[in-house]
Amino acid sequence: FWELCGVHGDAAAIDSRYIAGRTLHPGAANFLAEMQRRRIPVAATTNDAAPWSTGARERDRLSAIWPWLVSSDVRTTTSNVAMFEVLRRESSIAHAHCLYVDTDVANLDAARDLGMKTALFDTGDLDLPAVVGHPVVTHFTGLFGAEK
């Protein structure tokens with residue numbers, strides 16, 4: 001990947017530097033702790049490259065998030081129905097019992113079409129259409145029903 005982008009050097013070292021530059025969203029750790037306290041499972045789907053996803057997951061100690069589905073590992077993208085089927089099979093939770101949160105409207109539309117509840121996570125930097133079609137939250141606390 002890095003060679004194709006014109007970045008030369010050891011791929012693992014470049015991956016490490018890239019991962020180090022990414023940060024967990026503010027409020028994510030508190031959200032996950034609260035979900036664990038409530039015994040509500042949290043899963044993740046991502047289109048990240050597998051080494052980046054794994055590296056960030058290990059660095060941020062996110063092993064409690066399960067399943068953790070990386071598109072390249074399951075051979076489909078997050079907006080594809082196949083990803084949601086893998087999520088259903090791996091988690092053993094019916095789509096109707098899931099809340100799917102994303103920053104991408106296409107992913108949310110696909111989840112909603114399968115019967116999932118959805119929420120658009122917008123921290124203010126998204127270029128959104130006039131009508132989103134999904135509830136919008138701007139902080140993790142919004143997922144608990146009240147913005148703080």
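In which loop does R39 lie? Before turning to the answer, please note that the model on display is predicted.

**First stop: R39**

Select R39 and display the backbone around it. R39 belongs to the loop between helix 2 and strand 1. Its phi is near 60°, a positive value in a residue other than glycine. Most residues other than glycine have a negative phi, and most peptide bonds are trans.

**Second stop: the W66 to P67 bond**

Next, select W66 and P67 and inspect the bond between them. The peptide bond that joins W66 and P67 is cis, with omega at about -5°. P67 is part of the loop between helix 3 and strand 2, the strand that covers residues 68-70.

Now select residues 11-20, which form helix 1, together with helix 3. The two axes come within 10 Å of each other and cross at roughly 55°. Angles from 65 to 115 degrees count as roughly perpendicular and those under 35 degrees as roughly parallel; helix 1 and helix 3 are therefore oblique to each other. The crossing of helix 1 past helix 3 is right-handed.

To see the contact itself, show the side chains of D15, Y18, I19 and A20 on helix 1, and P51, W52, G55, A56 and R59 on helix 3. Sorted by class, this contact comprises 6 nonpolar, 1 polar and 2 charged residues.

Rolling a probe the size of a water molecule over the atoms shows where empty space is left. The largest pocket holds about 1600 Å³ of space.

At least two lining residues come from each of helix 2 (28-37), strand 1 (44-46), helix 3 (50-59), helix 5 (81-91) and strand 3 (99-102). By class, the lining of the largest pocket consists of 27 nonpolar, 12 polar and 7 charged residues.

Finally, move to the second largest pocket, whose volume is about 220 Å³. Select L32, Q36, V42, A64 and I65, which are the closest to its centre among its 15 lining residues. The lining of this second largest pocket has 11 nonpolar, 1 polar and 3 charged residues.

Terms used:
Residues numbered from 1 in each chain as written. Predicted model: local features only at pLDDT ≥ 70, side-chain atom pairs only at ≥ 80, totals over all residues. Heavy atoms only, no water. 1 Å grid on protein atoms, 1.4 Å probe; cavity = no way out; pocket = protein on both sides within 12 Å on 5 of 7 lines; lining within 4 Å. Points joined across faces, edges and corners; volume = space filled by probe spheres on them. Helix = DSSP H or I, 4+ residues; strand = E, 2+ residues; numbered from the N terminus. Nonpolar A, V, L, I, M, F, W, Y, C, P; charged D, E, K, R; others polar. Axes fitted to C-alpha atoms, helices over the stretch in contact; angles between N-to-C directions. Parallel < 35°, antiparallel > 145°, perpendicular 65-115°, else oblique. Left-handed = near helix turned anticlockwise from the far one by under 90°. Contact = heavy atoms within 4.5 Å.
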